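This report covers selected helices and residues of one protein model. The sequence and structure come first, and the description follows.

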Amino acid sequence: MSGGGGGLRCSWGKMGRGLNDAIARSVVGRYFKLEARNSCFTKELRAGLATFLTMAYIITVNANILTDSGGMCSMADCSAPPNGTAGPDCMFKPNAGYQNCLSKTKSDLMVGTILSAMIGSFAMGVCANLPLGLAPAMGPNAYLAYNLVGFHGSGPIPYRTALAIFLVEALAFITVSALGIRSKLARLIPDSVRFACAAGIGLFIAFVGLQSHQGLGLVGPDSATLVTLAACSRTNPETGECIGGKMQSPTFWLGSIGFVIMGYGLMKELKGSMIYGIVFVTVVSWFRGTAVTYFPHSPLGDERYNYFKKVVDFHKIQSTAGVVSFHGFNRSEVWVALATLFYIDVIATTGTLYTLAGIAGLVNDRGSFEGEYVAYLVDGASTVVATMLGVSPIATYVESTAGIREGGRTGITAVVVSFCFMMSLFFTPLLSSVPPWAIGASLVMVGVMMMGVVKEVDWGNVKESASAFVTMILMPLTYSIANGIVGGIGVYVALSIYDQVLSFMNWLMMKMGRKVVVEDPNQVSATAANAELTSVL
């Protein structure tokens, strides 16, 4: 038996080498520079699968977050009570009609997420020849759902206009990248604010994941202290406040197990750890008749279950594609959002691409890497595609390091990622049946991973540490990424005023002192000349 197994492995090894050699010598191999980058097809294939497994969680996470905004759903979609009409509060209370609209919107956004990730990753691989996966970014999606549009449309900007903001920001990013001034703009932001921005967004995302409507439900509202410990078995359906059974929510404890699974997997560097935790919680929640089921015996639960039973289905986007509108674009909130998103895009994209290229060993002695210029253009163009599909901006995922560690060095890795996203298009019924308590655990873990940059802040320097702290703390507590950035920059500027004034005074005194020194020699020379003339006479 062992001899047969060894022969099989040997045969497979010969087949793999033959396949790799054939592809390396082909047009495809030469285009992707497999031999030049010391890689092979099977290695790139493994790398693409590893990258997809580590970033596939975004399919359900992004759709769930964006659905919190309500999408294109409105009061008109609410079910009216008998002998009456639906009021504006129907969007914030349990309502069968509005929930049905949200379910369809979630499926639309899931397909939009998959398509944008598929197109972006394919373009990055083919055009830039880099082993990087692209998908809608964490951060801008939460900014849209909870700052711009607001929970179920309670914010200042409609969903259509928010997409228009993303579109304009993407075009601005493409412009500065094409003109080559992107790096100069990135250096204008203080390092402390730049590092704290990523950590603050992580705290913000984790805070969302701890709440009940989109997460574990560990944190809940309180009329006296604003927020409090929750995870209650019974809550007020209108206010969300705990009625009884604090820390007795079955879904919270199930989600916590998922969080532990993710954490353990990341500790052991298991690829797809986020997926394992989400899948475990989701599968347990699919059983009906349990305290943690996602399909309760109710009209909404029955509707979810009937769609879930299809398993394989291709969902066509119905309400979110091509709805960009510039109506109301002359409002101050729009320009603040544009500035915020543009800053995040410039800083995050620049840092991520350079970091990943460095890990892959593609950065040269001049500090640049092959395909850099095209990569930035692909990133911006992918966001244009995403907005037309109705989802938030695209970003290069740091999870691409999983594929790079597997040996991915060319764009074939990104093409494989794109293919995997394409295959997931046909399993929308399963992907749309992931419960919030599975998503919440992953959001908290994303927050954990984004906090790593705080070690880069110079905490011994008060100017640096204060501006970083204000940036981080304001994002979750004001529920606004923009407020955190503005607050952090404001503190940095305020604490820099004294140094700037002192520097100006020193410069002014030096100029005046130099003038005196220049004038004194002239006066001495004139006095000496007069004395010499007098002696001669």
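Buried means under 20% relative accessible area, exposed means over 50%, and partly exposed lies in between, with a 1.4 Å probe and protein chains only. Helices (H or I, at least four residues) are DSSP runs, numbered from the N terminus.

The model is predicted: local features need pLDDT of at least 70, side-chain atom pairs count only at pLDDT 80 or more, and totals for chains, interfaces and linings use all residues. Residues are numbered from 1 along each chain as its sequence is written, and side-chain values use heavy atoms, with hydrogens and water left out.

The predictor's confidence in each residue, pLDDT, runs from 0 to 100. Its mean over the protein chain is 85, and 92% of the residues reach 70 or more. Residues 1-12 have pLDDT below 50, and this stretch has zero contacts in the model beyond near neighbours in sequence. A contact means heavy atoms within 4.5 Å.

Two helices can be set against their expected span, which is 1.5 Å times one less than the number of residues.

| Helix | Residues | Length | Span, first to last C-alpha | Expected span |
|---|---|---|---|---|
| α3 | 41-55 | 15 residues | 21 Å | 21 Å |
| α14 | 372-389 | 18 residues | 26 Å | 26 Å |

In α14, the buried residues include Glu372, Asp379, Tyr376 and Leu389. In α3, Glu44, Phe52 and Met55 are among the buried residues.

Helix α4 (residues 58-67) and helix α18 (residues 436-450) have axes that come within 10 Å and cross at roughly 100°. This makes α4 roughly perpendicular to α18, a class that covers angles of 65 to 115 degrees. The axes are lines fitted to C-alpha atoms over the stretch in contact, and angles run from 0 to 180 degrees between N-to-C directions. On the α4 side the contact is made by Thr60, Val61, Asn64 and Ile65, and on the α18 side by Ile439, Ser442 and Leu443. By class, this contact has four nonpolar, three polar and no charged residues.

Valine 168 is found in helix α7 (residues 159-179). With a relative accessible area of 26%, valine 168 is partly exposed. Not counting residues up to four places away in sequence, valine 168 touches Phe326, Phe329 and Leu338.

Valine 486 is found in helix α20 (residues 481-536) and counts as exposed at 55% relative accessibility.

Notes. Helix = DSSP H or I, 4+ residues; strand = E, 2+ residues; numbered from the N terminus. Parallel < 35°, antiparallel > 145°, perpendicular 65-115°, else oblique. Nonpolar A, V, L, I, M, F, W, Y, C, P; charged D, E, K, R; others polar.
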